[in-house]
Amino acid sequence: MQTKIDEYKKEVDLFEPSNKEALEQFRIRFLGKKGILTDLFADFKNVAPDQKRLMGQLINELKNKAEQKLETYKESFESLVVVGNTFDLSRPAEPIKLGTRHPLSVVRNEIISIFSRLGFTVSDGPEIEDDWHNFSALNFPQEHPARDMQDTFFINKNPDIALRTHTSSVQVRVMENSKPPICTISPGRVFRNEAISARAHCLFHQIEGLYVDKDVSFIDLKQTLLYFAKEMFGEKTKIRLRPSYFPFTEPSAEMDISCNICGGKGCNICKYSGWVEILGCGMVDPNVFTNCGIDSNVYTGFAFGMGIERITMLKYEINDLRLFFENDIRFLKQFSSAV
Ligand code: DAH
């Protein structure tokens with residue numbers, strides 16, 4: 001019996017099936033109901049008592065080997081597509097699930113594309129800023145509340161350094177480093193020390209716009225923003241400018257668009273006013289030009305800044321800002337058709 005088992009073991013070791021059918025034959029021969037192992041276990045009754053222990057061990061070893069072989073090849077055959085006796089290598093592969101662009105990126109790219117059609121370039125600046133670029137050069141008085149620890153993330157060791165609170169800092173860098181005409185937008189992340197809620201976050205995204213040249217007027221600002229609003233929210237969109245205050249623009253305004261959800265009739269998004277605010281803007285304050293080395297007697301300009309989250313929420317009717325940062329696939333995949 002022992003020699004028989006040794007031979008079977010060798011046979012199992014050397015066995016290399018080339019297809020599923022060969023493997024099935026092997027299973028029937030060794031592990032089937034009428035297979036070799038069943039026979040061996042049946043013969044086991046006739047083994048002399050002093051041999052029983054050894055034989056039992058050998059039969060079990062053979063059984064384990066055969067089962068292992070079967071498992072190893074089963075997996076590799078199951079993962080391949082088999083047609084008849086051959087693998088069909090021409091069959092299309094399983095589709096690979098592609099990720100989708102984040103809604104904030106979709107909208108940022110759309111905004112960039114709208115302004116680039118008007119000749120705006122894209123510029124960039126650091127997220128860790130100094131007081132000069134984030135506040136002082138932008139005409140923020142020393143005691144302005146926006147410098148308060150509550151709004152700004154300062155660096156402990158150096159109160160001159162902070163995480164930028166707005167992309168207006170990039171305006172300063174661009175004006176310091178280039179000569180008019182300047183026509184640029186600056187998308188980027190900004191940070192504020194705010195409690196996180198459905199309407200506020202400590203991290204969000206803005207796009208800043210800046211146009212500086214001779215004879216730039218408020219009419220240019222209004223026309224540029226009207227074009228943007230119509231391209232972004234549809235041809236029927238109206239805009240309205242309300243007087244406001246920003247240290248770096250004079251005059252300053254906030255821009256509303258006619259509510260894109262109810263078309264201006266009044267709904268809970270526009271709080272039944274028919275209008276929703278989307279951005280701040282104004283004519284660049286002469287002090288800012290002087291701070292950046294541009295002659296305010298020769299040049300004028302306009303600037304605007306908008307929150308990408310806000311635009312995205314209005315465009316896609318999203319009511320909770322936190323959804324943008326949770327990476328929930330069920331939320332993100334709804335934007336798969338957008339570019
Ligand atoms: N920086 C402003 C903010 O974060 C937005 C802003 C308003 C930007 C008016 C501008 C502007 O360029 O002219 O709230």
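These legends describe close-up views of a predicted model.

**View 1. Two domains of the predicted model.** The protein is divided into domain 1, residues 2-78, and domain 2, residues 103-338. Taken over C-alpha atoms, the centres of domain 1 and domain 2 are separated by 74 Å.

**View 2. Helix α1 alongside helix α4.** Helix α1 covers residues 2-14, and helix α4 covers residues 49-78. Their axes come within 10 Å. The crossing angle is roughly 15°. Angles under 35 degrees count as roughly parallel, so α1 and α4 are roughly parallel to each other. The crossing of α1 past α4 is left-handed.

**View 3. Residues in the contact of α1 with α4.** From α1, the contact takes in Q2, I5, Y8, K9, V12 and D13. These meet L54, M55, L58, I59, E61, L62, K65, A66 and K69 in α4. By class, the residues of this contact are nine nonpolar, one polar and five charged.

**View 4. Helix α3 against helix α4.** Helix α3 spans residues 36-43. The axes of α3 and α4 come within 11 Å. They cross at roughly 170°. Angles over 145 degrees count as roughly antiparallel, so α3 is roughly antiparallel to α4. Here too the crossing is described by its hand: α3 passes α4 in a left-handed crossing.

**View 5. Residues in the contact of α3 with α4.** L37, L40 and F41 are the α3 residues in this contact. On the α4 side they meet I59, N60, L62 and K63. The contact divides into five nonpolar residues, one polar and one charged.

**View 6. An open sheet of three strands.** The strand order is β4-β6-β5. Pairing is antiparallel. Strands of a sheet pair through backbone hydrogen bonds. The edge strands are β4, residues 128-130, and β5, residues 154-155. Each edge strand pairs on one side only.

**View 7. Strand β4 paired with strand β6.** Strand β6 comprises residues 158-163. Three bridges join β4 to β6. The two strands run antiparallel. Across this pair, E129 stands opposite A162 in β6.

Terms used: Residues numbered from 1 in each chain as written. Predicted model: local features only at pLDDT ≥ 70, side-chain atom pairs only at ≥ 80, totals over all residues. Heavy atoms only, no water. Pairing = 2+ DSSP bridges. Helix = DSSP H or I, 4+ residues; strand = E, 2+ residues; numbered from the N terminus. Axes fitted to C-alpha atoms, helices over the stretch in contact; angles between N-to-C directions. Parallel < 35°, antiparallel > 145°, perpendicular 65-115°, else oblique. Left-handed = near helix turned anticlockwise from the far one by under 90°. Contact = heavy atoms within 4.5 Å. Nonpolar A, V, L, I, M, F, W, Y, C, P; charged D, E, K, R; others polar. Domains from an automatic or database assignment.
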